Amino acid sequence: MRQRTRLLKIIFVFFLLVVPSLDLSQVRERFPKPDFQTDYVRPNLITPATRSPILEYMDIFVLVAVLFLVTYSAHKQRSRRQIFLLMVFSLVYFGFYRKGCVCSVGAIQNVSYALFTSAYAIPFTVIAFFVLPLIFTLFYGRTFCAAVCPLGAIQDAVVLKPTKVPAWLANVLGVIPYIYLGLVLLFAATGAGFIICQYDPFIGFFRFGASFGMVIFGLSMLLLGTVVARPYCRFLCPYGVLLSWMSRLSKWHVKITPTECNNCRLCEESCPFGAIKKPSETVHLENRQAEIKRLAVLFVLLPVVLIGTGWIGSRLNIPLSRQHFTVSLAEEILLENSGKRTEMTDATTAFRAAGKPTEELFEEARIIQDKFKVGGWIVGGFIGLIIWIKLINAFIRRKQPEYYIDTGMCLSCARCFSYCPYEQVRLGIITPEEADKLGTRKVKIKQFRA
Amino acid sequence: MNRRNFIRTGFQAFAGLTIGGIAGLLFSRSSSEEMVWQLDPNLCVQCEKCSVNCVLPNSAVKCVHSYSMCGYCDLCSGYLQPGAKARDTGAESQLCPSGAIKRTFIEDPYFQYTIDEDLCIGCGKCVKGCDSFGNGSLYLQVRHDRCLNCNQCSIARLCPSRAWKRVPASQPYILRGDESKRYLES
Ligand code: SF4
Ligand code: SF4
Ligand code: SF4
Ligand code: SF4
């Protein structure tokens with residue numbers, strides 16, 4: 001037996017000398033498997049199972065159930081209290097229990113990735129989380145945002161002293177989610193990564209741990225959220241873009257008043273998200289002329305805007321594609337080959353050890369850069385179109401006789417309802433006569449109720 | 001007003017059909033199975049990123065041991081420091097920074113090496129040792145009882161050797177040796 005040990009030692013030294021020249025990616029069996037004399041049994045390698053599929057389906061069930069309940073609370077019960085309780089539930093379940101994954105916001109990336117990468121089999125759960133809130137919103141408005149989304153919930157919980165963001169500023173900041181959405185789709189489609197997950201400010205709270213930078217980002221978002229209600233939802237969330245489109249088209253959206261509006265102005269300041277709009281005055285004819293002229297100019301400008309922003313987008317392909325692993329690896333290899341850098345990185349070491357020809361890598365990197373170029377045109381053009389539409393909207397004034405909700409921005413949180421005197425009537429707190437007296441208008445306007 | 005309603009209904013139908021279309025397309029490519037993250041030990045270069053980049057403070061990546069491949073060496077290059085003076089269990093001769101590998105005598109000259117997962121930080125130092133001079137029976141794997149299955153694994157994003165991929169939940173490990181056969185049957 002002693003001899004055997006010595007033999008092993010010799011082999012060991014031998015390998016010390018020879019190994020560096022061997023291909024490291026291969027599994028080796030340098031030492032013979034022992035023949036045990038005793039009745040020793042090799043232990044079993046334990047491989048804990050993944051989360052049970054039943055629990056995955058339960059996530060979908062909970063999603064649907066909470067969506068139904070929130071919608072019911074907002075539309076039929078008109079109860080902020082119920083919505084708040086459901087919101088706390090979602091925060092606990094989707095946030096702290098499920099640790100923020102799977103989430104509808106992040107699902108955009110899986111969808112984009114799946115649409116462009118046939119090798120990726122997108123899980124059923126992820127499709128459900130992506131599609132169901134959109135469908136609900138198309139019918140009932142953004143009840144998902146009100147109390148299902150854990151990211152919304154954590155921000156909603158810290159809304160203390162919401163201040164008004166000036167309309168022009170809100171409009172300008174409102175472009176950011178579109179840019180973010182465009183980049184998210186581009187990065188996911190090209191396989192450069194999932195940036196929503198990477199820059200999710202709140203996930204660190206759900207998991208009680210994040211990198212220092214993200215903790216600072218998350219904390220400042222929450223701090224800001226005490227005075228600017230739900231900053232992420234309004235000025236960043238890419239899923240919010242899709243939801244706001246659906247919500248604008250929604251068949252039944254919540255209304256401030258259960259019955260009628262008499263322009264008492266009581267609800268004017270009640271929405272922390274600035275979704276309640278004042279009635280607009282009648283448009284004068286002279287203005288109309290100038291307006292039409294401006295619109296004409298804008299229409300002529302459209303192609304210029306689209307080509308301009310698209311071009312900018314396509315020019316960004318080099319810096320953006322650097323986020324893709326293959327491209328950054330190719331650049332590092334290039335630097336090393338040209339002798340500009342002498343230190344090898346882990347990535348270049350691994351690449352060189354794998355023995356793939358560098359030409360192949362460069363070719364792959366070029367293809368990805370080209371994809372970023374095409375994608376840059378599309379995303380750039382899309383952002384240009386959005387800015388253009390925002391400009392058009394700023395010039396078109398529609399006659400609006402009463403206080404109304406901007407359905408794209410409204411999160412169906414039910415905060416504003418109780419400010420309305422007719423809601424007070426519905427709740428039996430005041431009489432209809434008292435409510436009427438609060439109005440500034442002689443003739444009351446009946447609200448359309450579906 | 002009527003015209004406006006008509007346009008509105010048109011847009012609604014368009015939105016509904018778009019969502020439906022995308023959903024249909026996705027379903028045709030979907031799997032009812034969850035995908036989970038795993039790293040391919042044959043690509044891993046033990047860069048130590050696994051131990052620090054996981055979102056969990058205590059990484060979900062741990063060292064595993066395919067006993068079927070192990071040489072049960074007395075002079076284990078995954079257990080002992082390269083220049084270790086004594087072949088013993090003293091902390092100064094161990095490679096593992098957290099003392100997670102337990103060495104037990106089986107019979108002359110064989111020793112069994114067991115990983116204490118609660119101590120292992122997934123740094124891969126032992127893996128490097130075993131890979132370079134031993135049988136490669138020690139390697140890193142995501143442990144699915146710990147992993148949160150993040151939509152974007154933050155280790156995968158930074159892995160320099162692209163060792164990470166999404167695998168079907170029914171075959172959640174990429175194992176070596178006889179142990180790898182357990183997923184072939186299913
Ligand atoms: S329900 Fe009322 S308060 Fe809530 S977001 Fe909509 S308009 Fe604002
Ligand atoms: S990050 Fe990749 S190369 Fe580094 S230890 Fe983990 S699997 Fe191995
Ligand atoms: S050396 Fe690193 S990977 Fe190996 S057992 Fe110790 S902590 Fe785990
Ligand atoms: S998926 Fe998340 S929890 Fe699992 S190994 Fe990766 S970072 Fe860690």
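Mentor: Start with one term: a residue is near a molecule or strand if one of its heavy atoms lies within 4 Å of it. This is a predicted model, where local features need pLDDT of at least 70, side-chain atom pairs count only at pLDDT 80 or more, and totals for chains, interfaces and linings use all residues. Residues are numbered from 1 along each chain as its sequence is written, chains are lettered from A and ligands numbered from 1 in the order in which they are written, and side-chain values use heavy atoms, leaving out hydrogens and water.

Trainee: How many residues of the shell around ligand 4 are polar?
Mentor: List the surroundings of ligand 4: B:Trp37, B:Cys54, B:Val55, B:Leu56, B:Ala60, B:Cys147, B:Leu148, B:Cys150, B:Cys153, B:Ser154, B:Ile155 and B:Trp164. Now sort by class: Ala, Val, Leu, Ile, Met, Phe, Trp, Tyr, Cys and Pro are nonpolar, Asp, Glu, Lys and Arg are charged, and the others, Gly among them, are polar. The shell around ligand 4 has 11 nonpolar residues, no charged ones, and, as polar residues, one.

Trainee: How many charged residues does the shell around ligand 1 have?
Mentor: Ligand 1 sits among chain A residues, including A:Cys271, A:Cys410, A:Cys413, A:Arg415 and A:Cys416. Its shell has 10 nonpolar residues and one polar residue. The charged count is one.

Trainee: How many residues surround ligand 3?
Mentor: The closest to ligand 3 are B:Cys96, B:Cys120, B:Cys123, B:Gly124 and B:Cys126. The shell divides into nine nonpolar, three polar and one charged. The number around ligand 3 is 13.

Trainee: Now the helices. How do helix 2 and helix 3 of chain A lie to each other?
Mentor: Helices here are DSSP runs of H or I, at least four residues, and strands are runs of E, at least two, numbered from the N terminus. Axes are lines fitted to C-alpha atoms, for helices over the stretch in contact, with angles from 0 to 180 degrees between N-to-C directions. Helix 2 and helix 3 of chain A have axes 9 Å apart, at an angle of about 165°. Under 35 degrees is roughly parallel, 65 to 115 roughly perpendicular, over 145 roughly antiparallel and the rest oblique, so helix 2 and helix 3 of chain A are roughly antiparallel.

Trainee: Is the crossing of helix 2 and helix 3 of chain A left-handed or right-handed?
Mentor: A crossing is left-handed if the near helix is turned anticlockwise from the far one by less than a right angle, and right-handed if clockwise. The crossing of helix 2 and helix 3 of chain A is left-handed.

Trainee: How do helix 4 and helix 9 of chain A lie to each other?
Mentor: Helix 4 (residues 104-116) and helix 9 (residues 176-190) of chain A have axes 8 Å apart. Helix 4 passes helix 9 of chain A in a right-handed crossing. Their angle is about 45°. Helix 4 and helix 9 of chain A are therefore oblique.

Trainee: How does helix 17 of chain A lie to helix 18 of chain A?
Mentor: The axes of helix 17 (residues 325-337) and helix 18 (residues 346-354) of chain A come within 10 Å and cross at roughly 85°. That makes helix 17 of chain A, relative to helix 18 of chain A, roughly perpendicular.

Trainee: How many charged residues are in the contact of helix 17 with helix 18 of chain A?
Mentor: Contact means heavy atoms within 4.5 Å. A:Glu332 and A:Glu336 in helix 17 and A:Arg352 in helix 18 of chain A are among the residues that meet. Beside five nonpolar and two polar residues, the charged ones number three.

Trainee: Where is A:Val102 found?
Mentor: The peptide bond from A:Cys101 to A:Val102 is cis, with omega near 10°. A:Val102 is in the loop between helix 3 (80-97) and helix 4 of chain A.

Trainee: What is the mean pLDDT of chain B?
Mentor: pLDDT is the predictor's confidence in each residue, from 0 to 100. In chain B, 95% of the residues reach 70 or more. The mean for chain B is 89.
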